[in-house]
Amino acid sequence: MRRFCCSSQGDRGGLSQAAQNDNTQDVFDNPNQTAATCNTPEAQVSPVLDEVSPSSMSSFEMLDMESVPPPYQEVQPHWFFCRGADDSASWHPFSREDSDKLEHACNTLKDNEEDLVVAVEGERYDVRVKERTRYAVYWDQAPTEVRRCTWFYKGDKDTRFLPYSEEFSKRLEEAYMIAVTLDEWKRKLDFPTGETVILHNPKLIMHYQPIGMQDEWVSSPSEQTRPRTVKRGVENISVEIPDGEPEKVDHLVFMVHGIGPACDLRFRSIIQCVNDFRSVSLCLLATHYKRSQQEGHVGRVEFLPVNWHSALHGDATGVDEDIQRITLPSISRLRHFTNDTLLDLFFYNSPTYCQTIVDTVASEINRLHALFKQRHPEFDGALSVVGHSLGSLILFDLLTNQRIGSRAREGVPSGEHCSVNSETLEQTLTKLGLQQYLGTLQAENVDMESLALCQDSDLRDLGIPLGPRKKILHYIKKKWFPEDCKTAVGDQTLESVPPFLASDTGQPAQQPLFHREPSITSAVDYEYFDVGIGQVSIDYPQLAFYPQTFFAFGSPIGMFLTVRGLKRIDPNYSFPTCKSFYNIYHPYDPVAYRIEPMIVSEVDLEPMLIPHHKGRKRMHLELKDSLTRMSMDLKNNVLGSLRTAWQSFTRLPVAALPPVEEGGTTNDTTPQEDQVSADTAAARREDKFTHFWTKILEWPKALQKHYLKGKTG
C-alpha cells in the first residue's frame with residue numbers, strides 16, 4: 001500500500017541521527033530551574049533551525065507504509081516525591097501500585113472538588129493530590145513535594161536524570177506532539193528565561209541554558225552552555241521503580257533509640273535508620289519467602305520509630321537552656337556533643353527527667369499503636385518492641401514495671417472491669433470540683449478513655465495548673481489502676497507483692513528474683529526492694545498492649561544492673577507482660593554487655609552466632625580468618641626459604657672431605673659413619689634453627705589471639 005507525502009531531505013537526515021546512550025542511577029536530585037514562567041504566552045515553537053537549500057526543495061515521493069513514523073501516543077506519567085533539603089534534595093519514584101493510585105485520583109479530581117488524600121508507602125504517608133504534597137503519618141516531618149513526572153533531563157555534570165516541573169513538561173509534550181503529528185523535526189522551543197529546547201528527532205532532544213547575560217555576538221545556543229540531554233517517559237531512563245509493599249502486616253515493631261538525636265556513625269536520625277530496617281526486611285521477605293509471599297501466606301513486618309530525645313531537649317523541659325548557662329565556652333563543639341548525647345545517661349538516672357523520658361516513650365508507643373490500629377483495623381498480628389543502647393534500658397525498666405490486669409487492653413483479657421467507664425467526663429470533673437476545665441478538655445475531644453491515657457505533660461500543655469493535674473491523675477489512677485494505689489504516693493514500701501513475683505503455680509516466690517547487696521546510702525530516691533532492680537522510683541506508665549518479644553540491640557542493661565548493685569537474676573524471672581527477650585550485640589560494640597552470666601553464673605555459655613542474611617561471614621569473622629591464614633602462609637613460606645638456605649650453608653658435599661694419605665693414621669670410623677654423624681649434627685642445628693624462627697614468626701598468630709579472643713555474638 002502506498003501514499004504520497006511531502007518531505008524534505010533535512011527532515012529525513014534529522015530522523016536518522018543516533019540517539020545518545022546515558023548511564024543513569026535510580027536516585028533523582030531536585031532540579032534547580034526557573035521553569036515556572038514557561039506557561040506564559042511568550043513561549044512558542046519556532047520554525048526549523050537550518051534553512052533548506054534551494055536544491056533540496058520539497059517534492060512528492062512514493063513511500064511505503066513501513067517508513068511512515070508511528071502515530072503520536074500520549075506519554076505514560078509516573079509519580080515521584082522529593083526527599084531532603086533544597087541543597088541536597090533527591091527525587092525518588094513511587095512504586096507502580098502507588099503511582100497508579102495517584103494517577104487515578106488525579107484523573108478523577110475536578111477543580112471544584114475538595115482535595116483527595118491517597119495513602120502511600122504502606123500507609124505511612126498521605127499524599128494530597130491537588131496540593132502535590134506528601135505528609136508523614138506517624139512521625140513529625142516537614143511536608144515534601146510530589147510531582148507527576150513525564151519529562152526528565154540530565155546535565156553534563158549530572159550522573160542521574162532529574163524530573164522537570166509539570167508545567168515545563170506540559171510545554172515539552174505539546175511541542176513533541178506537534179513534531180510527531182506533522183513529522184517536522186529540528187524545531188526550537190524558546191522560553192522567556194533564555195532557555196531553549198531543540199527537538200532534533202524523537203530520540204535526540206537537547207536543552208540549552210544561557211550563562212549570565214546573553215551577548216549580542218552569541219550566534220547559537222551551543223555557544224552559551226553545554227546542553228542537557230532530555231528524555232521522554234520514565235521507561236527511557238534507567239531507574240529502579242520499587243515493588244509495592246504487601247498490604248497485610250504480620251508483625252508490628254516499635255523501635256526506641258538511644259542517646260542523642262543521631263542513631264549511627266553517619267549521624268542519621270531514628271526515622272532514616274528505621275527506614276533501612278524496613279527496606280532490609282522487605283528484601284529478606286522477597287528473597288527468602290518469595291513463594292509464601294506470592295501465595296499470600298506471608299505479609300510484611302512494619303517498623304515504627306519512637307523518638308523521645310526531642311521531648312527531653314525541647315522547650316517544655318528547658319534543660320538545654322539550663323545546661324547551656326553552666327557550660328564552659330572552650331572547645332564548644334565537643335561540649336555541644338557531650339550535652340546533646342552523653343548527658344542523656346545522667347538525665348535518665350535523675351528522678352525528674354527519668355519520669356519525662358519514660359512517660360514520653362510509653363505515650364508515644366501507645367499513640368503509634370492506636371494510630372496504626374485506626375489505619376489497619378484488620379490487623380491481628382503480634383507486637384514487639386526494640387531498644388538500642390539506652391533505649392533498651394528504658395524498655396527494660398518499663399517492661400519490668402508492667403502489671404497484669406492493671407487496665408483493660410484491647411484484645412487482651414483483663415482481670416477486672418473498670419468502673420470509670422460508667423462515669424462521664426463532666427461527672428468526673430464535678431466530683432473533683434474542677435468543672436472549669438471541662439471546656440478545655442472537650443475542645444480537644446478528650447473523653448474518659450483518652451483522659452486515662454494522658455500524662456502530666458499532656459495536661460500541662462492544655463494549660464491546666466499543677467494542683468488540678470494531680471487531682472485528675474490520682475483519680476484516674478485509682479479507677480484504672482486500683483492495685484497501684486495500694487502504694488502510698490511517695491512511700492518507698494509496697495503493701496503487696498507485685499504480680500510478677502508469683503510463680504507458675506500462682507504462689508508467691510520464696511526467693512527474690514533479683515539479688516542485690518544491701519545499700520548503705522539512699523541519697524537519691526531509688527527502689528531498694530528485695531525484688532527491685534535499682535531503677536529510679538517513679539510512676540511507670542502502662543502500655544496499651546502486651547509485647548510478644550523484646551529485642552535489645554547493643555544494650556548496656558547488664559552494666560547498669562551491675563552498677564545498681566545487682567549480683568544475679570533468678571532464672572525463673574520473666575517480664576510480667578512480655579514473653580521473650582533477646583540480647584543482640586556485636587562483639588566489638590563498646591556499649592554492649594552480656595546478661596546471660598548474671599542469670600547462669602555457674603556455666604560459661606557461648607553466645608549464639610546470628611548467621612548473615614546473605615550467607616557470608618560477618619566482617620570481624622572474615623578479618624579473623626584472614627589474619628590466621630596470613631600468619632600461617634607467612635610462617636610456612638619464610639620457614640621453607642630459610643630452611644633451604646640453611647641447609648646449603650651447613651651441609652658439605654662428601655667429595656669435599658680431605659682424602660686419607662697412604663700410611664697415615666686414620667680414625668676408627670669409616671667414611672660412611674663420618675657422613676652419618678655429620679648429617680646428624682647438621683639436622684640438630686637445623687632443628688634448633690627452625691625452632692628459633694618458628695618462635696619469631698608466630699607473632700601474627702599471637703597478635704590474633706590477643707586482640708580477637710573476644711567471644712562473638
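This is a predicted model: local features need pLDDT of at least 70, side-chain atom pairs count only at pLDDT 80 or more; totals for chains, interfaces and linings use all residues.
**Entry one: Y135**

I began with Y135, which I found in strand β9, a stretch covering residues 133-136. Is Y135 buried, exposed or something in between? I read a relative accessible area of 22%. Buried would need a value under 20% and exposed one over 50%, so Y135 counts as partly exposed.

Setting aside neighbours within four places in sequence, I noted contacts with R124, Y125, D126, R128 and P143. The side chain of Y135 also has a polar contact, at 2.4 Å, with the side chain of E131. I then checked E145, ten residues away from Y135 in sequence. From C-alpha to C-alpha, Y135 and E145 are 9.3 Å apart.

Where does I331 sit? I traced I331 to the loop that lies between α7 (319-326) and α8 (332-348). Its relative accessible area is 53%, and the cut-off for exposed is over 50%, so I331 is exposed.

I331 also belongs to a nonpolar surface patch, along with F267, L334, F337 and L342. Together, these five residues have about 530 Å² of accessible area.

My last stop was T400, in helix α10, which runs over residues 390-400. I noted a relative accessibility of 3% for T400; because buried means under 20%, T400 goes down as buried. What does the side chain of T400 reach? I found the backbone oxygen of F396, at 2.6 Å from the T400 side chain.

Key
Residues are numbered from 1 along each chain as its sequence is written. Side-chain values use heavy atoms; hydrogens and water are left out. Helices (H or I, at least four residues) and strands (E, at least two) are DSSP runs, numbered from the N terminus. Buried means under 20% relative accessible area, exposed over 50%, partly exposed in between (1.4 Å probe, protein chains only). Contact means heavy atoms within 4.5 Å. A polar contact is a pair of N or O atoms within 3.5 Å; within protein, one must be able to donate a hydrogen and the other to accept it, and residues adjacent in sequence count only if both atoms are side-chain atoms. Patches are made of residues with over 30% relative accessible area and no salt bridge: like charges are joined within 9 Å, nonpolar side chains (Val, Leu, Ile, Met, Phe, Trp, Tyr) within 5 Å. Accessible areas come from the Shrake-Rupley method with a 1.4 Å probe; for residues, only the protein chains shown count as cover. A salt bridge is a side-chain nitrogen of Lys or Arg within 4 Å of a carboxyl oxygen of Asp or Glu.
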